Amino acid sequence: MSALSAIRSVVDYDSEVRKISQFMEKFVATGGKKQVMAGADSGSDEAMDMDATEFSPAEASHIYMDMLQKVANRTQDTVEIKLDDVRDFEVQASSSHPPFTFAGSLAFRIENNTKCYVEMFSRAIDQMMPEPDSSAMQDPEADVMDVIYQARRDRDRRDREAMQAVEAADPMQAPPAQGPAAAESFPAVLTRRYTVRFIPRASQHAQA
């Protein structure tokens with residue numbers, strides 16, 4: 001069995017989407033200032049080139065959540081994921097887990113199965129996409145799909161509230177729960193207004 005086939009056979013799809021969501025939500029950029037991360041050999045591929053400078057919360061930025069807000073507001077249509085960011089995030093998380101190894105990392109799996117991970121990131125983004133700012137929806141250039149999609153989200157929210165009210169009043173009369181797919185009026189691929197793009201690690205550029 002090839003290495004790529006082995007990677008595909010052992011991937012837990014739901015677990016990977018959860019890891020992606022955690023990365024998108026919690027990764028923080030600090031304007032070039034990062035804390036020193038333990039667990040990486042300075043001479044290895046996993047080594048981190050980081051400053052020891054401390055940073056204040058005001059300097060921190062949740063760049064991927066900010067990016068999703070821009071996508072929701074239709075001011076950006078590409079979600080660029082830096083694989084160096086993915087790796088850095090995993091190194092930070094590994095401080096309380098077994099030592100980080102790149103060969104067992106999410107970044108490594110993305111590099112070796114990129115097409116599959118584009119879809120996984122898209123699924124995670126679909127679940128995490130924030131509501132557009134009110135000014136974005138009032139923009140005269142907002143197209144028909146923007147309006148339809150917002151109407152669907154409003155309807156789904158009302159349906160959830162109605163179901164919760166029924167369950168609170170009489171749990172025995174509540175309708176059976178349905179998965180997210182059953183609630184979708186349109187396939188996700190038709191309502192996505194963005195594309196996912198992976199930026200290779202700096203070491204890959206250097207080797208090219």
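Predicted model: local features only at pLDDT ≥ 70, side-chain atom pairs only at ≥ 80, totals over all residues.
The model holds six aromatic pairs. In one of them, the ring centres of Phe23 and Phe89 are 5.7 Å apart and the ring planes meet at 70°; since an angle over 60° counts as edge-to-face, the pair falls into that class. Phe23 belongs to helix H2 (residues 13-26) and Phe89 to helix H4 (residues 83-93), so the pair ties together parts that are 66 residues apart in sequence. Phe23 has a relative accessibility of 1% and counts as buried. Phe89 also counts as buried, at 17%, because the cut-off for that class is under 20%.

Another edge-to-face pair is formed by Phe102 and Phe108, with 5.8 Å from centre to centre and 85° between the planes. Here the two partners fall into separate accessibility classes: Phe102 is buried, with a relative accessible area of 8%, whereas Phe108, at 23%, counts as partly exposed. Returning to Phe23 and Phe89, ring pairs link these two residues with Phe27 and Tyr64 into a cluster.

H2 has 14 residues, and the distance from its first C-alpha to its last is 20 Å, close to the 20 Å expected at 1.5 Å a residue. At the start of the helix, a side-chain oxygen of Asp12 comes to within 3.3 Å of the backbone nitrogen of Asp14. The buried residues of H2 are Ser15, Glu16, Val17, Ile20, Ser21, Phe23 and Met24. An α-helix has 3.6 residues a turn, so residues three or four places apart point the same way. With that spacing in mind, the reader may like to follow Val17, Ile20, Ser21 and Met24, which are among the buried residues of H2.

What do these buried residues pack against? Their partners are helix H3 (63-72), strand S1 (78-82), H4, helix H5 (106-112) and helix H6 (114-128).

Arg74 is located in the loop between H3 and S1, two of the elements against which the buried residues of H2 pack. With a relative accessibility of 36%, Arg74 counts as partly exposed.

Note on methods. Residues numbered from 1 in each chain as written. Heavy atoms only, no water. Phe/Tyr/Trp six-rings, centres within 6.5 Å; stacked < 30°, edge-to-face > 60°. Helix = DSSP H or I, 4+ residues; strand = E, 2+ residues; numbered from the N terminus. Buried < 20%, exposed > 50% of the residue type's maximum accessible area, 1.4 Å probe, protein only. Expected span 1.5 Å × (residues − 1). Contact = heavy atoms within 4.5 Å. Polar contact = N/O pair within 3.5 Å; in protein donor to acceptor, adjacent residues only side chain to side chain.
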